[in-house]
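Hi,

Here's the structure I promised to send over. Have a look at it first, and then read on for what turned up.

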Amino acid sequence: MSERVWACVPTSGHNRDDDLTGYRVEATDGSVGRVDKHSDEVGSQYTVVDTGTWIFGREVLLPAGTITAVDHDERRIIVSRTGDEIRAAPEFDEDGHLGDPAYRDRLGGYYGSGH
């Protein structure tokens, strides 16, 4: 189950060549920030969201499977989680977590379990 969260939902409207940097990120209950960077690596697709002042300016990593829609005209992505679920996700530190299999498993388990 958790491995599926690392791939885009086919009906989301996201194509591998799309640059989502700067897109607004909308949770089910409101805006959570903007895409700072993203990866379209097969089997490891994700977005890093800069939450600005929303959560004291931290970054969060969202697996691509949480993206339900991409609106290129409005430059926004819609994710299938609430702001509280994103806030409660395992903390992200780019220097320590990108490429760390244990963090990936923990985050995949969190989002893959339906949180």
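Val-79 touches quite a list of residues beyond its sequence neighbours: Val-25, Glu-26, Ala-27, Thr-28, Leu-62, Thr-66, Ile-67, Thr-68 and Ile-86. Bear in mind that this is a predicted model. Val-79 sits in strand E6, which runs over residues 76–79. Its relative accessible area is 2%, and since anything under 20% counts as buried, Val-79 is buried.

Ser-12 is another one to click on. It belongs to the segment before strand E1 (24–27), and it is buried too, at 3% relative accessible area. Leaving out residues within four places in sequence, Ser-12 is in contact with Ile-67, Thr-68, Ala-69 and Val-70.

Now the charged pairs. How many salt bridges does the structure hold? There are 4, and I'll go through some of them here. As background, side chains of opposite charge can pair when their charged atoms come close.

- Glu-26 with Arg-24: the N to O distance is 3.2 Å. Glu-26 is buried, with a relative accessible area of 15%, while Arg-24 comes out as partly exposed at 26%.
- Asp-36 with Lys-37: here the side chains meet at 3.5 Å, N to O. Both partners are partly exposed, Asp-36 at 31% relative accessibility and Lys-37 at 25%.
- Asp-84 with Arg-87: this salt bridge has an N to O distance of 2.6 Å. Both residues lie in helix H1 (residues 83–87), and they are 3 residues apart, about one turn of the helix. Arg-87 is partly exposed, with 36% relative accessible area.

On to helix H3, which covers residues 101–112. From first C-alpha to last, its 12 residues reach 15 Å, close to the 16 Å expected at 1.5 Å a residue. What caps its N-terminal end? That would be Asp-100, which has a side-chain oxygen 3.0 Å from the backbone nitrogen of Ala-102.

Which residues of H3 are buried? They are Tyr-103, Leu-107, Gly-108, Tyr-110, Tyr-111 and Gly-112. These buried residues pack against strand E4 (59–63), helix H1 and helix H2 (94–97). So if you have H1 on screen for the Asp-84 and Arg-87 pair, keep it there while you look at how H3 packs.

Cheers

Note on methods:
Residues numbered from 1 in each chain as written. Predicted model: local features only at pLDDT ≥ 70, side-chain atom pairs only at ≥ 80, totals over all residues. Heavy atoms only, no water. Buried < 20%, exposed > 50% of the residue type's maximum accessible area, 1.4 Å probe, protein only. Helix = DSSP H or I, 4+ residues; strand = E, 2+ residues; numbered from the N terminus. Expected span 1.5 Å × (residues − 1). Contact = heavy atoms within 4.5 Å. Polar contact = N/O pair within 3.5 Å; in protein donor to acceptor, adjacent residues only side chain to side chain.
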